[in-house]
Each structure stands twice: as C-alpha cells, then as structure tokens.
Number of protein chains: 2
Amino acid sequence: MNTAFNENISVDCVIFGYDLKSLKVLLLERHLHKAGGKDLIFKDLTLPGNHIRNNEDLDTAAQRILFELTGLNDIYLEQFAVFSDPNRLDNPKDQQWLAAIGKDPQTRVITAGYFSLIPLEKYYLKQNGNDTMPDWYGKNPRWHQLDRIANMAFDHARILDSALQFLREKIMSKPVIFELLPEKFTASQIQNLYEVILGKTLDKRNFRKKLANLEFVVSLNEKQMGVAHTPARYYMFSRDVYERKKKEKFTLIT
Amino acid sequence: MNTAFNENISVDCVIFGYDLKSLKVLLLERHLHKAGGKDLIFKDLTLPGNHIRNNEDLDTAAQRILFELTGLNDIYLEQFAVFSDPNRLDNPKDQQWLAAIGKDPQTRVITAGYFSLIPLEKYYLKQNGNDTMPDWYGKNPRWHQLDRIANMAFDHARILDSALQFLREKIMSKPVIFELLPEKFTASQIQNLYEVILGKTLDKRNFRKKLANLEFVVSLNEKQMGVAHTPARYYMFSRDVYERKKKEKFTLIT
C-alpha cells in the first residue's frame, strides 16, 4: 500500500452553512484555460473534493481534502451516499477539462458524498484556497446561496441535491437544527431556519402551535431587548428533555 | 468506459434470512489449494461479493453479483455502509489467497456493503453455486446460523457485524419485521423474531404489553387450530394504520 492517489475513488463534501438568514453551501471554482495561455474557456463551481490516497480510509480522506481545499478543520462529516453512475463524468466540458489537466477522461471514478451543517459565523475560510493547487482547481472557496447556483462541474448539482434531500429528512427526525441557532432563539428565528432548509414558507400560526407542543423546546421567561418591533419571547432547546422523550416515543418494540 | 472489472471497487451482500425459528445469513465457501494440487490449505466463509464492472453502478453490480453467485434474483438490496480501511485485506491468509488466484495483494479495494432481509421459505438457492467460477471461490451458497459462524475471509466478519447493527436499529424504527412473518402470526412468533434479531431474551409480560400498545398490530378474532398446547390468538400488521400513526408521531416540526 502506498500514499498515491487512487484514481478510481474520490470524496466530495457538501458543507451547508447558516448565517441566521439563509442557507449556503461551500463551493470552489474550477477553471479551464486555453493550452499554454491565460484565456479562460470556461469557469464553473465544484464541491470541495478530490481523490483519496491509497493509505487512508474515506472518512480520513474527506477531512484531509476539506481542510486542504478550504481551511475548515475538525468539522463533523457524515457519509450520506455513494455516487457510482458510470456516466457521471461524461459531460463534454468535464471530459475536456479532465483531458486538459492530464487525466484519462475514461477512468471510472466513484465518489462518496459527505455532509455537514454548520453555523457560519464560527468558521473562517482560507483567503485564497489551497495555494499548492494549480490554477485550474480549488480556488476561491466561498459560501454560495443555495438558490443562486448555476453551472456546476460533473454530477455535483445532483450530489448537492441529494445532500439537501438528506438534510430535509434529517431535520424532521433529529434535533440537528438547534446547532445552528444561538442558545436563546425566538420563534421567528427557528421558523426561518425550517423555511430556508425546506425551501418553502410555513404557516405562522400552525408553526407556533407545533412549537408549543415540542416539550424539548422550552419557553423562557425572557424577551428580546432593544429591538424596534414588539420584543419576542426567547426559547431554548433542552437536550435532556429531548433524550427522555425520544425513549418514550420509540415506535416499535424493545 | 468498458465492461472490465474495476480492481479497486467491490460490493459485498449481507443477506439475512428468517425461517420462523432462527436468523441466518447467506455465505459462500472460499478454498485455497496447494499450487497444482488438490490438497486443501484452508477453507473459510465469505459474503457473496465481487468486483464491480466499469459500466455498472454499485446497485446494479450488487444485484448481478448476488444472482451470479447464489441464484437469488430481484431481492430488495439496500446499501448500508462502505468499508474503506486501507488494511482490510492485510490478513496473511487473505494475502496468500489473493496471490494464489493471481491478484496483486497490494491493490487497494474498498467495498460497498448491501443488506437484505428475506423470509427463507420463499427463495431457493442454486444447488452448486456458480459453475462458471473456479473452485477457489463462490461454491456452496448456504444459509448459516448467525451464532455458529467461525472463520470468515477478509473483513467480512466486521461487515456482517455492521449489517447486524444496522438491522437492529432498523427493526426499532421501521416495520420491516412484518415482512418475515406469515400474514397471521401469534405473539410468540413476533417475540421470537425480535429475540433472534436482537440476540437476547425479552420479558414475555412486558413484550405483550408493548404489543398491545401498537395500534398497527391488530388483534384478530381467531385462534390457532389443531395445536397440542392452548391455542394462541392471531395478530396481523395493518400498513394503513401504521402510515397514519407515523404521520401523527412525526417528532419535529413540519
């Protein structure tokens, strides 16, 4: 076994970030220049990803690659799917790009998709991406608003969509959403978070009723201060209550 | 792209079967003979698995390989994990076997684990395994009782264990268990099924109480006939009731 890159196996990371306003995803730029020149043929966006090394497992590779490309470190990454369509690199512009960077465009590559969901303000990106990477890949790691992404490389639009579906299912069954909110949050803040992830507007009265029924979302005797509008009540998430309720709700037989 | 086998990527299938008594898993034999001779050096057990072809995705490969090796066709297969430890083939006997069959034992192989759970009586295995395979692999597909398996190839014991954990979590959150029971079943039958999957004895009174609380397990006005012991009541699973209850129970906010 050696440390060479494995040409058949890669990982791609879908890192969702929330800034208390909108849902964003972390993307890099991919460039294709004319041979020998600086003229740009095209530019599009990719997920942070690359080939694994032969001496690392998929989880290790995902952490290394995310760090090398974006500077993000020690993020909880979860493998959510493997993308193995034999035609996933067959788009003509992808074939052209692979040939231009010296790869065999016919090489079969499957990729493991990794997922994370982080509060944006806590993390800082590398200013210039990975300086050891040539100009054609991995530049300008930036947070992109989900509804404004056009032109992605390979099957990355499909991988991103699959991760979004995974996220939508996850917020319905696990309390991951509270990791994105401040310790004390208002009902509007949690509703906005559900809305941006689900990609639709929710009825306010209905939402408040459901929120009131969640025993693990505790209403605090405390309101916003120094706001122009009527101050809203604060809530907090109680993991203790959540864990106890979860045990009681177990649907099938133990 | 071609139809050659991809040396870096394989799939392995963990097919659990239940015969109303015990939980079994479908395994094949792997043999190592002395070079040129018929003397057996060792024999152990493997999951049905092989390398994918470059023109098929992982799901297609899993279906093909399971069919070729065991004769099982049209089984619902679910990918449950990918095994990518760089040292997963490093056991000396595995290295010896790989060299003997003409492979480079240093080649990095990651494998996607597929899972299924089927009622045993419905399916028939090939009598002799795959006749196109040489003697060293894929012979004698047989159902093995889970608690009596020794000596598995590669990291297959770990893959099997991981699949069993996956199954144990699944039966707690999804009604998959009813696919293994006859349409009408007794409380003892469903308790035995939970016990063999969980690998522990459950308290009978407690279990009956929980069973009575599951609205989607409907008690029938009908009892066993022609049995020596006191005839037991029959139950059935109502998918309609289950689907309605599931909607009501949604833990977080919709």
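Student: How many residues of chain B are in contact with residues of chain A?

Tutor: This is a predicted model. In the model, 37 residues of chain B touch 37 residues of chain A.

Student: How much area do chain B and chain A bury between them?

Tutor: The size of an interface is often expressed as the accessible area that is lost when the parts come together. Here, chain B and chain A bury about 3,500 Å² between them, and carbon and sulfur atoms account for 64% of that area. On the side of chain B that touches chain A, β1 (5-18), β4 (49-53), β5 (78-83), α3 (156-173) and α5 (204-213) each supply at least two residues. By class, that side of chain B has 19 nonpolar, ten polar and eight charged residues.

Student: How many salt bridges are counted between chain B and chain A, and how many residue pairs are in polar contact across the interface?

Tutor: The count of salt bridges between chain B and chain A is zero. Eight residue pairs are in polar contact across this interface, with both residues at pLDDT 80 or more.

Student: What rotation and shift superpose chain B on chain A?

Tutor: In general, a rotation about an axis and a shift along that axis relate two copies of a chain. In this model, a rotation of 180° with 0.0 Å of shift along its axis places chain B on chain A, with an RMSD of 0.0 Å. The two copies are therefore related as by a two-fold rotation axis. The same surface serves both copies, since 100% of the contact residues of chain B recur in chain A.

Student: Which residue of chain B comes closest to the rotation axis?

Tutor: That residue is B:Asn8, whose C-alpha lies at 3.4 Å from the axis.

Student: What can be said of the interface between domain 1 and domain 2 of chain A?

Tutor: The two domains of chain A bury about 1,200 Å² between them, 73% of it on carbon and sulfur atoms. Across this interface there are zero salt bridges, and four residue pairs are in polar contact, both residues being at pLDDT 80 or more.

Note on methods: Residues are numbered from 1 along each chain as its sequence is written. Chains are lettered from A and ligands numbered from 1 in the order in which they are written. This is a predicted model: local features need pLDDT of at least 70, side-chain atom pairs count only at pLDDT 80 or more; totals for chains, interfaces and linings use all residues. Side-chain values use heavy atoms; hydrogens and water are left out. Contact means heavy atoms within 4.5 Å. Buried area is the accessible area (1.4 Å probe) that two parts lose on being put together, summed over both. A salt bridge is a side-chain nitrogen of Lys or Arg within 4 Å of a carboxyl oxygen of Asp or Glu. A polar contact is a pair of N or O atoms within 3.5 Å; within protein, one must be able to donate a hydrogen and the other to accept it, and residues adjacent in sequence count only if both atoms are side-chain atoms. Helices (H or I, at least four residues) and strands (E, at least two) are DSSP runs, numbered from the N terminus. Ala, Val, Leu, Ile, Met, Phe, Trp, Tyr, Cys and Pro count as nonpolar, Asp, Glu, Lys and Arg as charged, and the others, Gly among them, as polar. Copies are superposed by least squares on the C-alpha atoms of residues with pLDDT of at least 70 in both.
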